[in-house]
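The following questions and answers examine how terms are applied to a protein model. Please consult the structure while reading.

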Amino acid sequence: MLLENYAEGHWQPGSSGYRDLRDSVTGKTVAKTSSVGLNFEAMLAYARTIGGANLRTYGFHDRAYMLKALASYLMERKEELYALSYSTGATRADSWIDIEGGIMTLFAVSGKARREMPDGHVYVDGILEPLSRGGTFMGQHIALPLQGAAIHINAYNFPIWGALEKFGPAFIAGVPAIIKPASDGSYLTEAMVRMMVESEILPEGAVQLICGATGDLLDHVTCQDVISFTGSASTAGMLRARPNIIENSTRFIAEQDSLNGCVLGLDAAPGTPEFDLFIKEIASEISVKAGQKCTSIRRALVPHKFMDAAVKALRQRLAQISIGNPRDKATNMGALAGMGQRADVLMKLDILRAENPIVIGNVERFADSDGAYLEPIVMRCDNPLSKTDVHSVEAFGPVSTLMGYADTDEAITLLQKGGGSLVASVFSYDTDLTCDLIMGASAFHGRMLISDRDSGGESTGHGSPLPNLVHGGPGRAGGGEEMGGVRGVMHYMQRTAIQGSPAAIANITGEWIPGAKVRKVKTHPFRRVYKDLHIGDQLQTKSRKVTLADIELFANSTGDTFYAHMDADAAKANPFFEDRVAHGYLLLSWAAGLFVSPAPGPVLANTGLNNLAFMTPVYDGDEIKVQLTVRRKKRRTEDYGEVGWDVEITNQKDEICARYELLTMVAFTE
Ligand code: NAP
C-alpha cells in the first residue's frame, strides 16, 4: 500500500524517498510513505485562502452540526479502521481508545460547542466591562478564528485519536487543519482522512494530510497559524526553537512526554478498596497500548510500610496478562508499535535499571521474537529522593517504578520531581490527605485524579484524557493544554478587547446590551416564532402597584416569613432596608405576570435564569414595571431554540430594582 498525501484538495503520493512501515507483529511491510514533492507553502496558502475562508462562512453551531455528522459517519465505518489497527500492535481494546475514543471526542466537542458557544460567528468572552460613568463607552472581550492553518503534528501511539482530538476544536473554531501523523501507523490516519473526504461533509479545504516529513512547511508559518505538537520533549524543543516560529510568535502548543505519578495514600493499607484500585490502575496503565500512552503511570508512590505488599499484589495482577498477537482474542496486551520503539524502550530501561532493580518482569522474554513484544517491567526504588533518572528518563512502554515514601510532604516532593506532568492520581479515602496532595502538587500537573471506594466503580481512570477536561501539563509535559471543551477551541482563536458604544458593541457580538438599539414591537414577543424574534426586540409593560397585602399573602402561602418581609421594626434595623420589603422571588413572579402572554404559543418553557441581581428594595406602595428585551438567541434542536431575554424591573423613580437574563425555549413554527 502506497500511502497518499491529501494536499490542496487532491490525493497525491510522494515522488521518491519512500519509507517502509512495518507490521509490529510480523515485521512485514504494510505500507510505504513519502511526502517528497509536496508544495508545502502552497498547502498553507490553500488552507488559508480556501479552507479558512470557507469555514468562516459558517457559524459555530453550523460547524458543530457538521462535526457531529462526521463523527456519525466515521462511527459507521469504524470496522475498516479496526481491521488496519492490528498492524500497530494494538489489541481491539487498545484500538477502542484510539478509534472510538477519537470519534467520541468529535461528538463531545460538537455538543460542548452547541451548548456553550453562540449560534453565530463571534464568541463573547466574559462580561461587559463598563468603562464610563454615563454608560456610553464600554469594553467586551470577543474571540474570532485565526486566519491561518492548524498544523497538527502527532505522535505514533494514537493515529486516530491524536488526529481527531485536535481536529475537532480547530474545526469548531473555524480553522482548517493540516494533519501530520507520525510516520509509524500513518496508514490508519490516512484511511481515516480518506473517510473524512469521502463523507463530503466538510467544506473544501478544511483538512489536508501529510504522510511523511513536513519539508519546509514550518518555514512558512505566520502569526495566524497554530502548531499543535504531540511527541517527545526533544522534538518539541527543536521545532519550537525554529527562527521563523520565534520571529512570528506562532502559537506552539506542545504535549510532550511526562513522568506521571500516582500515590497510594498513607491510609490505603492492603485490604482496603483503595489499595486494590491502586494495583488495578497500575496494571492497566502498564499494559494498555503496551504502556505507550503519554498518561501512563511511570512513578508509583507507595508508603514504605506497604511496599512489600504492593510488589506482591502487582506481580500477581500482571501475571494474569496474556501477551501476544493482538489478532488473537485471548491476548490482552499486544506489541509495541515497532522494533525501533522496542529498542528505544530497552535502551531507556538500561538507564533506569542501573539505578533501581527490576522486581517484576523478564526483559529477555520475547528477545528472539519477530514481533515487538515486551513483558511488563516494574522496578523498585526505596530511596527515590536521592535518585535522578527515575524522575527524568521516560521508557515509553510497559515500564513503571514503585517508589517508597514516608509522609505527605515527601509524596508531594516526589510528584513535583517529575518536572511537570500530564496527570497524577491519588488513591486514598482520607479527604484531608487527598486535599493536601492536590494543594501541594496540582501546580505541577494538568490533571489530578482522586480515586476511592466511592468513585472507583464509575471513575474513568488515571489514563483517560477526556474531551471536556484539559489535557496537558506544565514544564516537561510541554506547557500545552488541549481539549477542555471550549478551552481547546480557544487555541485557534484570537481574543480581542473591543471598546466602543453599546450600539457598536452589540452589533458585533449579536447580543443586546443596555444602551444598544431596540425595536419597539407591536406584537407581543411571546407570540412570535424563533426566527421572527430579533435581537433588541423590546416590550415595555404596564406598571403594577405593590401592596402589603400581596407581600403577606406570598409570605403566608410560601412559608417565607423572613422578618424583613413581616416585621417593620426588625426590617428597619437591617442596614439594607427602610421598611418591610417585598420578597425578591415575589418580584420575579410579578415580573412574569407583567410580561407573559398566557395563551399557548411558540414560547414552550422557561428553562432558567442567569445573573440575577436585586438592586433596589421594593416597598409597599411602589409601582413596578418591566422592560423585556431579546438579548440573544441560540438554536438548540431542529425544532426550537433558546432565547435569552434581558429583564429589567424598575420602580416609579426609574430605579432598577432587579435585572436578570430569562431563558426560554421558543419553537421554530407555531
Ligand atoms: P517524536 O519522535 O517526537 O515524533 C512526534 C511527531 O513529530 C511525529 O509526527 C514525527 O514525525 C514528528 N517529527 C519528528 N521530527 C520532526 C521534524 N523535524 N519536523 C516536523 N515533524 C517532526 O515522538 P513519537 O516517538 O512519535 O511519540 C512518542 C513520544 O510522544 C513519547 O515521548 C510520548 O510521551 C509522547 N506523547 C505525548 C503525548 C501527550 O499528549 N503529551 C501523547 C502521545 C505521546 P515522524 O514520525 O514522521 O518522524
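Q: What makes up domain 1, domain 2 and domain 3?
A: Domain 1 comprises 5–124 + 140–256 + 487–494, domain 2 comprises 260–464, and domain 3 comprises 518–667; the bounds come from an automatic or database domain assignment. Residues are numbered from 1 along each chain as its sequence is written, and side-chain values use heavy atoms, with hydrogens and water left out. The model is predicted: local features need pLDDT of at least 70 and side-chain atom pairs count only at pLDDT 80 or more, whereas totals for chains, interfaces and linings use all residues.

Q: Which numbers of residues from domain 1 and domain 3 does the contact take?
A: The centres of these domains, taken over C-alpha atoms, are 48 Å apart. The contact (heavy atoms within 4.5 Å) takes nine residues from domain 1 and seven residues from domain 3.

Q: What is the area buried between domain 1 and domain 3?
A: Buried area is the accessible area (1.4 Å probe) that two parts lose on being put together, summed over both. Here the value is about 560 Å², and carbon and sulfur atoms give 34% of this area. Tyr 65, Arg 115 and Asp 119 supply 69% of what domain 1 buries against domain 3, more than any other three residues.

Q: Why is the meeting of the Asp 62 and Arg 635 side chains called a salt bridge?
A: The term requires a side-chain nitrogen of Lys or Arg within 4 Å of a carboxyl oxygen of Asp or Glu. Across the interface of domain 1 and domain 3, two salt bridges are found.
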